[in-house]
Amino acid sequence: VVAVVTAARLDGLFKWYGHIVADHPILAIDRVRYFGEPVALVIADTPYAAADAAEKVIVTYRDLDFVIEAEEALAETAPILHTMEYQVGDRSHAEAWAEPSKSNVAHAGEISWGDVERAFAEAYVTVETRVRFPMLYAYAMEPYNAMATFDNGTLDVTTTAQHPFQVREDLARIFDLPLNRVRVRSPLLGGGYGSKSYTKVEPLAAVGAWVTGQPVTVRLDAEEAIHTTRADSADVAVRSAFDKSGRVLARDFDITLNTGAYADNSPLVLTKAINRCFGPYRIPSLRVTGRAVYTNTVPASSYRGFGAPQGNLAGELNMDQAAERLGIDAAEIRRINLVHPGERHLPGKRGMDADLPADLKMVVDTLDWPESSSTNYHGTGFGCSASDAGALPVSTAIVRILADASVTVLTGSTEMGQGSKTALAQIAADELGIDIDRVRLVQADTDFTPYERSTGASRTTVVTGLAVQRACRDALSRLEEIGADVLQCGVEEIKTADGNLAGPDQSLGYDEVIQAWFEGRQGEIVGIGVVRREGTLEELPPFWEIGMVGVEVSVDPETGRVTVDHLVTVGDVGHAINPALVEGQDLGAAMQGLGAALSEELVYDGSQLVNANLIEYRVPRISDMPRRIDSIIVQRADGVGPYGAKGGGEGALNPIGSSVASAVGRAIGRWPNRLPLTPERVWELMQPEEGPA
Amino acid sequence: MSYSRVQTTVNGRRIERNVLVRQTLAEFLRNELGMTGTKTSCEMQVCGTCTVIVDGAPISSCTYLAVDIDGREVVTIEGLSDGADLHPVQESFLKFFALQCGFCTPGFIMMAVALLDRHQEPTRDEIAEYLDGNICRCTGYQPIIEAVIGAAQRTQGESS
């Protein structure tokens with residue numbers, strides 16, 4: 001054993017991390033806020049020695065009161081998890097803020113417009129829905145790992161992080177280093193789905209290297225990874241006011257997220273849940289209030305579509321219940337309320353950059369709705385969502401045209417299976433007029449690749465794609481400048497196509513131009529592409545990510561087991577730079593949505609998770625695949641990305657939960673109020689009101 | 001720490017060395033032999049990611065002790081290709097876009113190879129049943145089934 005590190009050893013460092021509020025101690029300080037929180041770091045020469053030694057660590061605990069449910073945490077008598085108030089947006093730690101905290105609300109949010117109360121007073125019908133969205137684990141199959149070295153005052157970390165530049169910021173603050181003294185690299189990741197966003201085990205590895213002066217690797221197993229980051233569960237109540245024809249007059253949402261012991265990304269999850277819960281509908285009066293609540297559970301953060309699946313379950317199930325009450329077709333009630341292209345459903349945000357009524361028609365036609373639904377244990381459900389995706393459009397890319405006309409693209413975006421390596425190479429090849437085999441992507445190394453805000457929010461193809469496109473154009477214009485010199489003509493006389501610069505007298509390849517100008521087989525041309533919030537990206541979000549899906553399900557009347565007979569997804573991506581990638585994202589996202597809808601849920605018993613393993617936390621298997629899958633791609637070139645592209649990857653997940661809940665509700669004649677719809681829950685729902693005999 | 005002498009064959013190569021008795025086969029392959037193609041995830045035999053073939057049968061190397069390969073023959077993902085040409089199942093996974101992040105892929109491919117060794121023409125249902133012990137979080141599985149069918153057809157085409 002080389003060293004045992006506890007929080008007491010961290011004096012001199014900034015001991016916390018967190019990209020929104022720095023409330024997360026690297027190692028527990030004085031109190032442990034959730035079961036599974038790191039208390040001591042045992043460093044040894046082999047993992048076996050470290051594991052054996054860790055078992056010999058004796059921690060003396062004094063029992064404190066704890067809260068697991070958000071509702072308990074909001075009670076007046078609840079123990080307060082964080083005794084100091086945190087200031088969102090301020091990256092200093094709470095200790096600087098002497099305000100004692102009086103509640104467990106980590107973050108609160110609200111939006112409203114119109115006159116909600118008056119609308120409800122004048123409503124023809126008011127429909128109320130209350131639902132619970134489950135506590136989830138994303139289960140990227142590669143768990144969290146990080147390897148750190150400290151050499152010559154420079155920290156070098158190789159990690160499984162989706163956003164290496166944000167991890168760099170947390171690490172720089174911990175060790176009080178300038179950004180150029182922290183190198184964070186993310187090699188190819190074994191899945192992410194948002195769950196590898198932000199800082200996880202990097203501070204542990206870095207502290208280990210700082211203490212020992214040796215390289216330190218922290219490698220988690222699945223159980224430890226489950227105890228590192230999960231997704232927010234949610235209790236959502238909605239009431240909606242409608243006129244006789246089914247037009248929405250007002251919607252009023254109340255959202256409570258169970259955020260766990262530390263804020264991580266949950267303040268943003270809440271903001272997104274607030275923006276995404278009411279759907280892409282024309283709503284004259286709206287009020288959404290929400291809160292992210294600290295509890296003594298695993299900290300919750302990002303997971304694919306965050307905020308959207310939680311809010312959408314309530315919002316869309318409510319639309320279905322309204323349709324039933326009003327005697328209006330469930331597709332029709334959506335059609336008459338959906339915003340049209342260009343219309344703004346969220347004041348101050350970008351107008352709708354999609355044709356939602358047309359997308360909905362594709363879904364219901366493919367489902368053969370309403371004929372495909374019956375109450376005879378067979379039901380159809382579908383849902384709509386629009387997410388303010390893309391995050392903040394900040395990205396820089398560098399394109400290097402080398403002396404042999406091969407091309408290196410440098411980008412800070414991370415490859416985790418979504419295919420950015422392919423899509424971005426396609427964009428570069430297209431822009432430069434060369435074969436894709438001549439393009440190589442180098443990604444996610446803060447020492448060499450330029451700044452990328454994040455890899456998430458379905459933004460890479462659009463935002464990083466634009467940066468790559470601009471870098472290619474910048475490189476070509478520089479190449480044309482030296483080409484004019486080489487070809488002895490004016491720049492305006494040069495025509496660039498298919499990897500050649502053609503002047504009035506002769507045509508030269510990129511390699512010939514570079515070699516002629518630098519004299520010999522040497523030199524290169526570097527182009528830079530910068531994206532920030534301006535021009536077509538001035539309005540936020542950069543694009544609306546559309547989710548339009550439907551399912552047909554069968555319910556086993558004996559067991560309550562739900563089988564998905566048919567899945568329909570519409571990928572409204574503007575322009576599919578690589579259709580296979582889009583289909584892959586849509587099916588993968590939908591399948592993860594089906595997991596949350598039918599089987600996935602983290603369960604607490606007392607203060608401990610009882611199913612922090614892949615046997616009892618059941619993700620979809622091959623046998624859970626829908627019997628029939630229709631993956632439709634819609635291309636209307638209505639996005640701001642390269643060639644009219646919009647993002648994909650989260651949309652197909654977002655309305656899956658509500659679609660399955662609606663389909664099961666129609667199949668058994670009773671609306672569910674929570675996910676996942678396990679056989680046991682569906683069976684219970686099928687029993688007569690007075691309960692089973 | 002106690003060790004045991006192990007004589008084994010890994011991907012056709014004879015290996016003899018002292019093996020830590022507590023070491024799993026996955027750890028042995030990755031850390032002692034540097035064969036990092038085999039991944040581990042759930043570490044409790046439910047995800048199939050760590051699947052390798054021992055004496056012709058697929059096993060979970062995350063929970064199989066390295067000392068138990070004494071006298072046996074191990075094939076890992078590295079053993080499927082000579083470096084120049086991919087195995088037909090690997091080719092088929094590429095062709096049908098049956099992987100995204102690729103972390104589960106070695107396990108799926110080893111399982112599919114074991115399946116095709118036993119059944120040259122598996123039906124869709126047989127493939128699904130055989131691969132039900134392998135988890136993929138990215139693809140939604142459909143392309144994986146297509147890839148195995150494609151590989152079976154290709155192997156059949158070559159042998160007929």
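How many residue pairs are in polar contact across the interface of chain A and chain B? The rule finds 18, with both residues at pLDDT 80 or more. Keep in mind that this is a predicted model.

Let me stay with that interface. On the chain A side, 39 residues are in contact with 34 residues of chain B. Together the two chains bury about 3000 Å². Of that area, 59% lies on carbon and sulfur atoms. Three residues stand out here: Tyr48(A), Met141(A) and Ile622(A). They supply 27% of the area that chain A buries against chain B, more than any other three residues.

Now the charges. The rule finds 3 salt bridges across the interface of chain A and chain B. One pairs the side chains of Asp52(A) and Arg22(B), at 2.8 Å from N to O.

Which helices of chain A each supply at least two residues to the side that touches chain B? They are α1, residues 47–56, and α14, residues 579–598. The most comes from α14(A), with 8 residues. By type, the side of chain A that touches chain B splits into 23 nonpolar, 10 polar and 6 charged residues.

One more element, helix α12 of chain A. It runs from residue 460 to 487, 28 residues in total. From first C-alpha to last it reaches 37 Å, close to the 40 Å expected at 1.5 Å a residue. Is α12(A) mostly covered or mostly open? Mostly covered: 20 of its 28 residues are buried.

Notes. Residues are numbered from 1 along each chain as its sequence is written. Chains are lettered from A and ligands numbered from 1 in the order in which they are written. This is a predicted model: local features need pLDDT of at least 70, side-chain atom pairs count only at pLDDT 80 or more; totals for chains, interfaces and linings use all residues. Side-chain values use heavy atoms; hydrogens and water are left out. Helices (H or I, at least four residues) and strands (E, at least two) are DSSP runs, numbered from the N terminus. The expected span of a helix is 1.5 Å times one less than its number of residues. Buried means under 20% relative accessible area, exposed over 50%, partly exposed in between (1.4 Å probe, protein chains only). Contact means heavy atoms within 4.5 Å. Buried area is the accessible area (1.4 Å probe) that two parts lose on being put together, summed over both. A salt bridge is a side-chain nitrogen of Lys or Arg within 4 Å of a carboxyl oxygen of Asp or Glu. A polar contact is a pair of N or O atoms within 3.5 Å; within protein, one must be able to donate a hydrogen and the other to accept it, and residues adjacent in sequence count only if both atoms are side-chain atoms. Ala, Val, Leu, Ile, Met, Phe, Trp, Tyr, Cys and Pro count as nonpolar, Asp, Glu, Lys and Arg as charged, and the others, Gly among them, as polar.
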